[in-house]
Amino acid sequence: MSSWAIIQQSLPLFQKGFFITLKLAALGILGAIVVGSICSLIQYFKLPLLNPLVTIYTEIARNTPLLIQLFFLYYAFPQLGLRLTASQCGIVGLIFLGGSYMAAGFTGGFEGISSSQLEAGQAIGLSRWQLARYVVLPQGLALSVPALAANIIFLIKETSIFTVIAIPELTNTALDLIGMYYHTNEYLVVLVVAYAIILIPLSLILTYLERRVRYGTFGN
Amino acid sequence: MSTPLLHVNHLEKYYQKTHILHDVNFELNTGEVLTLLGPSGSGKSTLLRCLNGLEAYQQGSITFDGQAVTQKPKQWQQLRQQIGMVFQSYDLFPNRNVLENILLGPLKVQKRTRAAVLPEVQQLLEQVGMADYANAYPRQLSGGQKQRIAIVRALALKPKLMLFDEVTASLDPEMVRDVLNIIRQLADSHAMTMLVVTHEMDFAKQISDQVLFLADGRIREQTPGKQFFEQPQTERAQNFLASMDF
Ligand SMILES: Nc1ncnc2c1ncn2[C@@H]1O[C@H](COP(=O)(O)OP(=O)(O)O)[C@@H](O)[C@H]1O
Ligand SMILES: [Mg+2]
């Protein structure tokens with residue numbers, strides 16, 4: 001059988017994996033953005049009680065491998081009575097990891113606002129909350145777009161680790177096929193192309209958005 | 001004699017351990033223009049920033065419009081609506097157009113209605129020659145235009161006192177005159193009470209009702225009217241004026 005035929009035969013399976021990767025990544029990233037923005041607002045306003053909790057969470061999430069986080073969710077949590085499907089574990093794991101990275105991205109954006117902008121806001125009598133609403137949020141979000149874009153790409157790549165809990169996403173599909181038929185090179189080529197199809201256009205779109213937002217907010 | 005609008009009493013300011021302002025005392029009556037002169041690093045900006053709560057002071061007291069300043073954040077937030085400040089770097093909000101920059105304070109801080117504020121803002125924009133730019137974004141304006149908008153943004157709150165900190169220092173020479181004219185007009189036809197830091201000596205001489213000369217954080221000369229420019233008493237002031245080509 002020619003390489004081309006091998007590849008063609010595998011495509012339906014890869015197509016399934018492709019959409020599973022996309023779906024889990026999308027849900028995980030959305031969740032991570034929600035968690036990250038909440039955490040970063042808690043840090044910005046230094047909310048009592050919650051702020052130290054956020055610090056603990058982000059330190060743990062950023063300084064442990066996703067692989068281990070997934071093992072906890074998939075193998076340890078059921079013993080504590082919390083049973084999730086493999087896909088749910090994947091999404092929760094991605095949110096757990098990604099939330100901390102997104103929080104750092106937003107916080108970096110908020111901290112990047114020049115102090116003179118904050119003073120200009122104070123000088124017209126804005127309250128702390130109004131300053132956050134009208135100066136810090138719009139400018140801080142715009143400043144955090146590059147970090148968010150990098151995190152999105154990073155989290156999509158991290159979905160390849162889902163293979164360890166047997167989620168049939170792209171990497172898992174490839175490893176399965178290799179294990180069964182030993183056409184290592186062919187399946188790896190398909191795998192790389194599939195990730196490229198997701199990541200290269202996305203990365204171009206994100207770069208374009210970064211520029212748009214930057215210009216729309218700061219005019220340069 | 002009515003009470004002064006602003007009364008600064010034995011003000012002392014430190015940055016950590018560094019003593020920046022020493023025993024600053026002065027009064028400013030309604031309608032008066034006080035110019036604050038002095039070499040770079042003498043503490044002019046710091047003093048202005050203390051007067052609207054952007055910096056805390058450690059000793060002394062400020063009375064504004066009969067009210068003792070407590071330095072509590074809530075009170076500063078109230079007072080800032082009555083004490084406008086314009087900075088050297090204009091600092092318009094880049095993501096808001098001219099009108100949105102100006103309306104933010106009156107609408108959100110003072111909770112006035114758009115219908116009530118808009119005619120006033122229109123008039124202010126006309127006064128500074130920027131009526132056609134209401135929908136422009138800061139990135140589309142020159143430095144001088146941005147500074148005129150920054151002045152309108154402060155005036156839109158109808159403050160009783162305006163603080164100007166070297167507002168022409170980063171402008172091209174041909175734009176300096178426009179901005180100075182606006183401040184002069186404020187003093188003349190609107191009798192706005194103002195505290196002005198400037199390096200434009202001719203302008204300072206024209207508008208001053210009172211001059212404070214600051215050096216090393218201390219008031220070295222405090223004179224009414226144009227006296228400072230004609231007969232500076234201290235050697236430091238004489239040297240300062242000479243260095244300003246005046
Ligand atoms: N945030 C700050 N922290 C420490 N020192 C400062 C700070 N801002 C200003 N200074 C110091 O205070 C002094 C007065 O500065 P400033 O008020 O800016 O002077 P001026 O406006 O007259 O040029 C200077 O010696 C300056 O270095
Ligand atoms: Mg200064």
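## A salt bridge between the chains

In this predicted model, B:Arg49 and A:Glu119 join their side chains in a salt bridge, with N and O 2.7 Å apart. How many salt bridges are there between chain B and chain A? The count is 1.

Turning to secondary structure, strand E6 (83-86) and helix H3 (98-109) of chain B each bring at least two residues to the side that touches chain A. H3(B) has the largest share of that side, with 4 residues. Sorted by class, the side of chain B that touches chain A holds 10 nonpolar, 8 charged and 5 polar residues.

## How much the chains bury

Let us step back to the whole interface. Chain B puts 23 residues into the contact, and chain A puts in 21 residues. Between them the two chains bury about 1,900 Å², and carbon and sulfur atoms carry 56% of this area.

Which three residues supply more than any others of the area that chain B buries against chain A? They are B:Phe93, B:Asn95 and B:Arg139, which supply 27% of it.

## Two domains in chain B

Chain B also has a contact of its own to explore. Its domain 1 is made of two stretches, 1-78 and 208-246, while domain 2 covers 80-191. Taken over C-alpha atoms, the centres of domain 1 and domain 2 of chain B lie 24 Å apart.

The contact between these domains involves 18 residues of domain 1 of chain B and 14 residues of domain 2 of chain B. Together the domains of chain B bury about 1,500 Å², with 59% of that coming from carbon and sulfur atoms. On the domain 1 side, B:Leu48, B:Asn52 and B:Phe64 lose the most area to domain 2, together 33% of what that side buries.

## Polar links between the domains

Here, too, the count is 1 salt bridge between domain 1 and domain 2 of chain B. B:Asp65 and B:Lys160 form a salt bridge in which the closest N and O atoms are 2.6 Å apart. Between the two domains of chain B, 7 residue pairs are in polar contact, both residues at pLDDT 80 or more.

Helix H1 (44-50) and helix H2 (73-79) of chain B each supply at least two residues of the domain 1 side that touches domain 2. H1(B) gives the most to this side, with 4 residues. The residues of the domain 1 side that touches domain 2 in chain B comprise 9 nonpolar, 6 polar and 3 charged.

Note on methods
Residues are numbered from 1 along each chain as its sequence is written. Chains are lettered from A and ligands numbered from 1 in the order in which they are written. This is a predicted model: local features need pLDDT of at least 70, side-chain atom pairs count only at pLDDT 80 or more; totals for chains, interfaces and linings use all residues. Side-chain values use heavy atoms; hydrogens and water are left out. Domain bounds come from an automatic or database domain assignment. Contact means heavy atoms within 4.5 Å. Buried area is the accessible area (1.4 Å probe) that two parts lose on being put together, summed over both. A salt bridge is a side-chain nitrogen of Lys or Arg within 4 Å of a carboxyl oxygen of Asp or Glu. A polar contact is a pair of N or O atoms within 3.5 Å; within protein, one must be able to donate a hydrogen and the other to accept it, and residues adjacent in sequence count only if both atoms are side-chain atoms. Ala, Val, Leu, Ile, Met, Phe, Trp, Tyr, Cys and Pro count as nonpolar, Asp, Glu, Lys and Arg as charged, and the others, Gly among them, as polar.
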